[in-house]
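Dear colleague,

Please find below the structure that I am handing over to you. My notes on what was found in it follow directly after.

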Amino acid sequence: MIARMTIAVLLATASITPPAISKEPHAQTTGFANDPFTRPMALEKAKEWLAPLPPEKVFGRSYLVGFKGLSVALIDTGSGLVLIDGALPQAAPAILENVRRLGFDPKSIKFILSTEPHFDHAGGLAALARDTGATVVASARGADGLRLGALARDDPQFGYGSRWPRVTRLRVMKDGEVLKLGRTAITAYATPGHTIGSMSWAWQACEGKTCKAIVFAASLNPVSAGGYRYTGPSSAAIVGGFAASYRRMDSLACDLLISAHPDNAGEGRYNDKLRPCRSYAERSRKLLAKRLASERGGTAE
Ligand SMILES: [Zn+2]
């Protein structure tokens, strides 16, 4: 209201005959902060997570279009684009700008794959889906969380109570199911633990005759709200999920690992050293063992 009044005053004082008033009176006041889909969240953490980086080719026609502290991947399949993860709500415009900087039209994004229903990876999905027309793809439990825009009761982070813009257009994929688009086949791999619906995504990227198996891994770290107990009886599915995810990560073809939070995969934006998915699982295995020991020893928060 104040902004509109200010504009009216400016128009009144700028010239005797004010220019024609736009038929959209809110046009000058809508934008970033007033868009409920991109309203900023977690301002302090966002400074670190959303530190900007230029878009970068990973291998073949696979790219990174995200940030220093949050990964967002882009795959050019030859018949449309696939994006993986959406970072925070306020990150959506910068992600689309990075897509454009690579020479692609964001409207060519057909699918946006989701790793987990947490605001730092799923907060931007609603805006990205709206602005591109893409369908969001997730596991069944992931899709439940994205539709709700809130944490599930069995989520170790439930106590944080975080909420983010809801996603309406969703496609559910099962463990082992393959999404085919153009020349690319992307396999969904359930990697539960961090959330029960966590999904990792694997595909092959080629340059000439050289191909690399790329894995975009969901977070696999045992992070919880205060008071949650991984040793509690209701956490059996979560702890069992971690064990299954470690076996999965150990067995996956994985030349190049992109982790939802890059710092969980080592240095830099991705890890293409020897067996990166195995070391990713090993890191989580150690963290979970430490956490379980601290709960049993009575020192956990
Ligand atoms: Zn998370």
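I begin with Ala87, which is buried because 28 other C-beta atoms lie within 10 Å, where 20 or more are required for that label. Please bear in mind throughout that this is a predicted model. Ala87 belongs to the loop between β4 (81-84) and α3. Its phi is positive, about 50 degrees, although Ala87 is not a glycine.

As to the chain in general, eight helices and twelve strands are present. Of its 301 residues, 42% are buried. Among the contacts with a separation of 6 or more, 64% join residues 24 or more positions apart. The average pLDDT of the chain is 91, and 89% of the residues score at least 70. Residues 1-31 have a pLDDT below 50, and this stretch has nine contacts in the model beyond near neighbours in sequence. I would ask you to read that stretch with this in mind.

How do α3 and α5 cross? The axes of α3 (residues 92-101) and α5 (residues 125-132) come within 9 Å and cross at roughly 50 degrees. The two helices are therefore oblique to each other, and their crossing is right-handed. On the side of α3 the contact is formed by Ala92, Ile95 and Leu96, and on the side of α5 by Ala127, Leu128 and Asp131. By class, five of these residues are nonpolar, none is polar and one is charged.

Which residues of α6 are buried? They are Arg141, Gly142, Ala143, Gly145 and Leu146. After α6 comes Gly149, which has a positive phi near 65 degrees.

Further along, the loop between α6 (140-148) and β7 (170-172) contains Arg169. Is Arg169 buried or exposed? It counts as exposed because it has 12 C-beta neighbours inside 10 Å, and the label applies at 12 or fewer. Leaving aside residues up to four places away in sequence, Arg169 touches Ala129, Thr135 and Val136. Between Arg169 and Gly133 there are 9.3 Å from C-alpha to C-alpha, with the two residues 36 apart in sequence.

Lys273 is exposed, since 12 other C-beta atoms lie within 10 Å. In sequence Lys273 and Leu257 are 16 residues apart, and in space their C-alpha atoms are 8.9 Å apart. Arg275 is found in the loop between β12 and α8 as well. With 16 other C-beta atoms within 10 Å, Arg275 is partly exposed, because that number falls between the limits of 12 or fewer for exposed and 20 or more for buried. Arg275 is a residue other than glycine with a positive phi, near 45 degrees.

With kind regards

Key
Residues numbered from 1 in each chain as written. Predicted model: local features only at pLDDT ≥ 70, side-chain atom pairs only at ≥ 80, totals over all residues. Helix = DSSP H or I, 4+ residues; strand = E, 2+ residues; numbered from the N terminus. Contact = placed C-beta atoms within 7 Å. pLDDT = per-residue confidence, 0-100. Axes fitted to C-alpha atoms, helices over the stretch in contact; angles between N-to-C directions. Parallel < 35°, antiparallel > 145°, perpendicular 65-115°, else oblique. Left-handed = near helix turned anticlockwise from the far one by under 90°. Nonpolar A, V, L, I, M, F, W, Y, C, P; charged D, E, K, R; others polar.
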